Amino acid sequence: MTFNPDADISRGKASKRGRNAGIAVGGGLGVLALFLISQFLGVDLTGLGGGGEQSAVNDSALEQCLTGQDANENVECRMKGASASLEAYWQTEAPALGVAYNAPQDFILFEQAVTTACGAASSATGPFYCPPDQIIYIDVSFYDELRSRFGASGGPLAEMYVIAHEWGHHVQNLAGVLQRSQDGQTGPTSNAVRVELQADCFAGAWAAEASRVADERGVPFLQPITKAQYADALSAASAVGDDRIQQATQGQVTPHSFTHGTSEQRIAWFETGYEQGAGACDTFSPSTL
């Protein structure tokens, strides 16, 4: 998606954090964090944990991200712009779903490694939402891996889809969905899969409304989605399906271990949100999967 050049993204929630390179990440994460971290890649996180010193990362570059034009030109500014749009969208949409909404505590762009209330994570973890601190984390180098390793076509909407998905987990946390879904089960109809597909659906719902979500001056943050941009978002959703990742990494598909849904399911639920809105994102009905 393309931002309107004069849209005001200065209120977007984004900051930078990092740790020194070469830190060994080890220890133990809680069950909730193990389930939720790396929403896209499904990385084995049993070896993650605390350790290492957090280092300050200069936020001055993000402070210069003020307009939609900045977001169009720079990926970190684009993250800040996406957060401004998502925050404005969910302030209205969440109450319509019966969810008492408050913003994530932060949206952190980290480099190499980061310490969170869920434990420590590295860039290899992928984007994630940590419920205990209500913060979304991403190393934007993930977008390069999404293209080079998993074959997504890339593009601004594909990048923002990732963030919209994680914002969806925040809404699920506020609604109590995440807590109710912690049963440790995997497989095609597991709660783990239902959580992820609902977040995809929420991302699609935001994308459909994004060109109508405006800043405080009434200027829409984003221009209408083009067919090519929509295809980019679907490509990203497809690239991170359980079946596609398992085939690429282990040479076979093992449905009993699914935690995120197939490529087909992830596309379908993004499309459901896009076409029918957030109110249609009930992935927990027994008949939906």
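**Close-up views of a predicted model**

**View 1. Lining of the largest cavity.** By class, four nonpolar, two polar and two charged residues line the largest cavity; Ala, Val, Leu, Ile, Met, Phe, Trp, Tyr, Cys and Pro count as nonpolar, Asp, Glu, Lys and Arg as charged, and the others, Gly among them, as polar. The model is predicted: local features need a pLDDT of at least 70 and side-chain atom pairs count only at pLDDT 80 or more, while totals for chains, interfaces and linings use all residues. Residues are numbered from 1 along each chain as its sequence is written, and side-chain values use heavy atoms, with hydrogens and water left out. The lining consists of Tyr143, Leu146, Arg147, Ala152, Gly154, Gly155, Ala158 and Glu159. Two elements, helix 5 (142–148) and helix 6 (156–175), each give two or more residues to it, and helix 5 gives the most, three. The volume of this cavity is about 30 Å³. On a 1 Å grid over the protein atoms alone, a cavity is a set of points where a 1.4 Å probe fits but cannot get out, a pocket is an open set with protein on both sides within 12 Å along at least five of seven lines, and lining residues have an atom within 4 Å of a point. Grid points are joined across faces, edges and corners, and a volume is the space filled by probe spheres set on the points. Helices (H or I, at least four residues) are DSSP runs, numbered from the N terminus.

**View 2. The second largest pocket.** This pocket holds about 280 Å³ of space. Its lining has 16 residues, of which Arg11, Ala84, Glu87, Ala88 and Phe221 are the closest to its centre. Helix 4 (residues 75–96) supplies the largest share, five residues. Seven of the lining residues are nonpolar, three polar and six charged.

**View 3. Asp200 in helix 8.** Asp200 lies in helix 8 (residues 191–209). Its relative accessibility is 0%, so Asp200 counts as buried (under 20% relative accessible area, 1.4 Å probe, protein chains only). Leaving aside neighbours within four places in sequence, Asp200 is in contact with Tyr161, His165, Arg266, Trp269 and Phe270; contact means heavy atoms within 4.5 Å.

**View 4. Helix 10 and its buried face.** Helix 10 (residues 242–250) has Asp242, Ile245 and Gln246 as its buried residues. Seen down the helix axis, these fall within an arc of 95 degrees, so they line one face of helix 10; the arc is that of the directions from the axis to the C-beta atoms. Helix 9 (227–239) is included in what covers them. Just after helix 10, Gly251 has a positive phi of about 75 degrees.

Terms used:
Buried < 20%, exposed > 50% of the residue type's maximum accessible area, 1.4 Å probe, protein only.
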